[in-house]
Amino acid sequence: MPTLGWITPNPAPAQKRVFVMASRFELKSLSDVPRFLIHSLRSWSQVKTAHGAYGASLVAQPFRRVFFTLSAWEDRGTLYAYAKTDPHGEAMRASRAACRRSTFVFWEADSAELPISWDEAKRRLDVKAREDAAQSGHAT
């Protein structure tokens, strides 16, 4: 399952600012991958009907133990409401111990920029990971 392409659960209104989130999860072990993958697919099903979700995509690199998410939302509140609601909420709680490292970035974009490109999301994630590593005194 390399990539689940951009889906549009709810079309974004024209000329609207949207709230974008990208994440990268690196798991500790290959043995953590199947469970994380199951949780990811359940969360993927949930986002398809989530209020305020304007788009989402998922990239899984299971043999590298890395998963990326990218989504656009009506606002921060709709993203957080989705994140706290099961099955996503359960996935966050269950997966916390399996994550070696996680990176999250948030920004606003114009609805005309949807779908957000993976190149842009990964660029922002790389910048954030370097900032986090510099703050913690660890190299990336």
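Ile116 is found in the loop that runs between β5 and α4. The model is a predicted one. With a relative accessible area of 8%, Ile116 falls under the 20% cut-off and is therefore buried. When residues up to four places away in sequence are not counted, Ile116 touches Trp6, Val20, Leu70, Trp107 and Ala109. The C-alpha atom of Ile116 is separated by 9.1 Å from that of Ala56, although the two residues are 60 residues apart along the chain.

Ile116 also belongs to the largest nonpolar core, which comprises 17 residues. Val18, Val20, Ala22, Leu70, Trp107 and Ile116 are the residues that touch the most other members of this core. Two or more residues each are given to the core by β2 (17-27), β3, β4 (66-73), β5 (99-110) and α4 (118-136). Of the contributing elements, β4 gives the most, with four residues. Another core, of 11 residues, lies apart from this one, and its members include Trp44, Val47, Ala56 and Tyr82. In soluble globular proteins, nonpolar side chains tend to be buried together.

A polar residue, Ser57, was examined next. Ser57 lies in strand β3, which covers residues 53-61. Its relative accessible area is 5%, under the 20% cut-off, so Ser57 is buried. Two polar partners were identified for the side chain of Ser57. A polar atom of this side chain lies 2.7 Å from the backbone oxygen of Leu4, and the side chain of Ser57 makes a polar contact of 3.0 Å with the side chain of Trp118. Leaving aside neighbours within four places in sequence, the residues in contact with Ser57 are Thr3, Leu4, Gly5, Trp6, Trp44, Phe68, Thr69, Leu70 and Trp118. Trp6 and Leu70 are in contact with Ser57 and also with Ile116.

The largest pocket holds about 690 Å³ of space. Its lining consists of 31 residues, and those nearest the centre of the pocket are Ser23, Phe25, His88, Met92 and Phe104. Elements that give two or more residues to the lining are β2, α1 (33-47), β3, β4, α2 (76-84), α3 (88-95) and β5. The largest share of the lining comes from α1, which supplies six residues. Classified by residue type, the lining has 19 nonpolar, 10 polar and two charged residues.

Methods: Residues numbered from 1 in each chain as written. Predicted model: local features only at pLDDT ≥ 70, side-chain atom pairs only at ≥ 80, totals over all residues. Heavy atoms only, no water. Buried < 20%, exposed > 50% of the residue type's maximum accessible area, 1.4 Å probe, protein only. Polar contact = N/O pair within 3.5 Å; in protein donor to acceptor, adjacent residues only side chain to side chain. Contact = heavy atoms within 4.5 Å. Core = buried A, V, L, I, M, F, W, Y, C linked by side-chain atoms within 4.5 Å. 1 Å grid on protein atoms, 1.4 Å probe; cavity = no way out; pocket = protein on both sides within 12 Å on 5 of 7 lines; lining within 4 Å. Points joined across faces, edges and corners; volume = space filled by probe spheres on them.
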